[in-house]
Amino acid sequence: MIEKEYYLPLPDGNAIRVRRRQEKGRILDFTVQLESFVSQEEGWREIVRVDTAHGFVHLDEFDPRRRLRKTVLTFASYNDNL
């Protein structure tokens with residue numbers, strides 16, 4: 001099994017974090033999230049995340065009050081989603 005994690009700083013001060021596990025070219029699970037630095041007190045916060053944490057692919061969107069909106073994504077496979 002191959003596990004990889006990437007951290008991509010963006011020019012606007014935000015960042016993208018990607019984590020994936022795969023075996024024989026097949027994605028087993030993944031997380032892709034946009035993060036933003038809020039303040040010294042609060043640090044980094046996730047703004048948008050696509051992941052497979054609950055056994056299905058979904059999009060989590062966080063508003064400034066940290067309320068969550070979850071949307072199920074329905075592609076054929078984890079490979080297609082990623």
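This is a predicted model: local features need pLDDT of at least 70, side-chain atom pairs count only at pLDDT 80 or more; totals for chains, interfaces and linings use all residues.

Me: Which residues does valine 57 contact, leaving aside its neighbours within four places in sequence?

Reply: Valine 57 is in contact with Phe30, Val50, Asp51, Thr52, Thr71, Val72, Leu73, Tyr78 and Asn81.

Me: How many aromatic pairs does a search of the whole structure find?

Reply: The search finds three aromatic pairs. One of them joins phenylalanine 30 and tyrosine 78.

Me: How is a pair of aromatic rings described?

Reply: In general, one gives the distance of the centres and the angle of the planes. For phenylalanine 30 and tyrosine 78, the values are 6.1 Å centre to centre and 90° between the planes, and the pair is edge-to-face.

Me: Which parts does this pair tie together?

Reply: Phenylalanine 30 lies in strand E3 (residues 26-39), whereas tyrosine 78 lies in helix H1 (residues 78-81), so the pair ties together parts that are 48 residues apart in sequence.

Me: Is phenylalanine 30 buried or exposed?

Reply: A residue counts as buried when its relative accessible area is under 20%. Phenylalanine 30 has 1% relative accessibility and therefore counts as buried. Tyrosine 78, at 22%, counts as partly exposed.

Me: What form does the aromatic pair of phenylalanine 37 and tryptophan 44 take?

Reply: Phenylalanine 37 and tryptophan 44 form an edge-to-face pair, with 5.6 Å centre to centre and 70° between the planes. Phenylalanine 37 counts as partly exposed at 38% relative accessibility, and tryptophan 44 counts as partly exposed at 41%. Together with Tyr7, these residues form one aromatic cluster.

Me: What can be said about the chain as a whole?

Reply: Of the 82 residues in the chain, 29% are buried. The chain exposes about 5800 Å², of which carbon and sulfur atoms supply 53%. Along the principal axes, the C-alpha atoms fill a box of roughly 40 × 25 × 20 Å.

Me: How far apart are the mean positions of the positive and negative charges?

Reply: The chain has 14 positive and 14 negative charges, and their mean positions are 3 Å apart.

Key
Residues are numbered from 1 along each chain as its sequence is written. Side-chain values use heavy atoms; hydrogens and water are left out. Buried means under 20% relative accessible area, exposed over 50%, partly exposed in between (1.4 Å probe, protein chains only). Accessible areas come from the Shrake-Rupley method with a 1.4 Å probe; for residues, only the protein chains shown count as cover. Lys and Arg count as positive and Asp and Glu as negative; His and the chain ends are not counted. The place of a charge is taken as NZ of Lys, CZ of Arg, CG of Asp or CD of Glu. Contact means heavy atoms within 4.5 Å. Rings of Phe, Tyr and Trp (its six-membered ring) pair if their centres lie within 6.5 Å; planes under 30 degrees apart count as stacked, over 60 as edge-to-face and the rest as tilted. Helices (H or I, at least four residues) and strands (E, at least two) are DSSP runs, numbered from the N terminus.
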